[in-house]
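Thanks for coming, everyone. Let me put the model up, and then I'll walk through it.

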Amino acid sequence: MHPFVMVGYFNIEVKKTETWDKVTNSRIALLHPQIRQKAVNFINEVEKEFDIQIRVTTWLRTIEEQNRLYEQGRTTSGFIVTWVIGEYSYHNYGLVIDVIEMIFLEEAIGKSKKIILFGICLMVVYLLLIMKNI
């Protein structure tokens with residue numbers, strides 16, 4: 001029996017080696033080798049279970065990039081986006097990913113209330129932060 005036929009015969013689940021997104025695939029390729037397939041599985045399982053397409057936004061950072069992000073909101077302007085300095089972040093070793101949900105124009109029309117409410121919440125947080133610094 002041909003091996004491909006055996007997969008169906010023995011009810012073996014074949015894991016995809018890529019996601020729906022070329023950008024995400026190229027970013028996952030730069031992760032630590034032991035993490036790559038887990039990242040692909042995660043992206044594909046989220047899409048399958050929740051019908052949400054997500055994209056990897058952050059994957060691998062240099063120590064300098066991590067330190068620059070750590071300083072943001074502390075010694076430089078902007079919001080605090082990380083609590084970890086360089087050399088202590090899993091991003092420095094390609095062991096973690098950050099993702100966002102991809103919302104396409106057709107879907108965004110249906111989700112507009114959610115997006116508007118989220119935008120209003122962000123505006124309120126932003127205004128509170130501005131008032132705090134005055």
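**A walk through the model**

Asp51 first: it is exposed, with a relative accessible area of 69%. Exposed means over 50% relative accessible area, buried under 20%, and partly exposed in between, with a 1.4 Å probe and protein chains only. Asp51 sits in the loop between α3 and β1. Its phi is near 55°, a positive value in a residue other than glycine.

A word on the ground rules. This is a predicted model, where local features need pLDDT of at least 70, side-chain atom pairs count only at pLDDT 80 or more, and totals for chains, interfaces and linings use all residues. Residues are numbered from 1 along each chain as its sequence is written, and side-chain values use heavy atoms, with hydrogens and water left out.

Now the overall layout. The protein has 6 helices and 2 strands. Both kinds are DSSP runs, numbered from the N terminus: helices are H or I with at least four residues, strands are E with at least two. From the N terminus, the order is α-α-α-β-α-β-α-α. There are 134 residues, and 20% of them are buried. Contacts next, meaning heavy atoms within 4.5 Å. Take those with a separation of 6 or more: 59% join residues 24 or more positions apart. The accessible surface comes to about 10500 Å², and carbon and sulfur atoms hold 64% of it. Those areas come from the Shrake-Rupley method with a 1.4 Å probe; for residues, only the protein chains shown count as cover.

On to the inside. Which residues form the largest nonpolar core? There are 10: Ile28, Leu31, Ile35, Ala39, Val40, Ile43, Val46, Ile54, Val56 and Ile97. Helix α3 (33-50) and strand β1 (54-58) are the elements that give two or more residues to this core. The largest share, 5 residues, comes from α3. By nonpolar core I mean a set of buried Ala, Val, Leu, Ile, Met, Phe, Trp, Tyr and Cys residues joined through side-chain atoms within 4.5 Å.

Leaving aside neighbours within four places in sequence, Ile97 contacts Leu31, Ala39, Phe42, Val56, Thr58, Trp59 and His91. His91 lies in the loop between α4 (63-71) and β2 (98-101). Is His91 buried or exposed? His91 is buried, at 7% relative accessible area. Its contacts, not counting residues up to four places away, are Thr58, Trp59, Leu60, Arg61, Gln66, Val96, Ile97 and Asp98.

Asn41 is buried, with a relative accessible area of 17%. Beyond residues up to four places away in sequence, Asn41 touches Lys15 and Lys16.

Next, charges. Side chains of opposite charge can pair when their charged atoms come close. How many salt bridges does the structure hold? It holds 2. The criterion is a side-chain nitrogen of Lys or Arg within 4 Å of a carboxyl oxygen of Asp or Glu.

One of them pairs Arg55 with Asp21, at 2.7 Å from N to O. This pair links distant parts of the chain: Arg55 is in strand β1, Asp21 in the loop between α1 (3-9) and α2 (22-28), 34 residues apart. Arg55 is partly exposed, at 21% relative accessibility. Asp21 is buried, at 5%.

There is also a salt bridge between Asp98 and Arg61, with the closest N and O atoms 3.7 Å apart. Asp98 lies in strand β2 and Arg61 in the loop between β1 and α4, so this pair ties together parts that are 37 residues apart in sequence. Asp98 is partly exposed, at 29% relative accessibility. Arg61 counts as buried, at 14%. Recall that His91 touches both Arg61 and Asp98.

Last stop: the loop between α4 and β2. Phe79 is in this loop, and at 43% relative accessibility it is partly exposed. The C-alpha atoms of Phe79 and Leu69 are separated by 9.5 Å, with the two residues 10 apart along the chain. Ile80 is in the loop too, partly exposed at 37%. Ile80 belongs to a nonpolar surface patch with Trp83, Val84, Ile85 and Tyr88, with about 570 Å² of accessible area together. Patches are made of residues with over 30% relative accessible area and no salt bridge; nonpolar side chains (Val, Leu, Ile, Met, Phe, Trp, Tyr) are joined within 5 Å, like charges within 9 Å. Glu87 is also in this loop. Its phi is near 80°, a positive value in a residue other than glycine.
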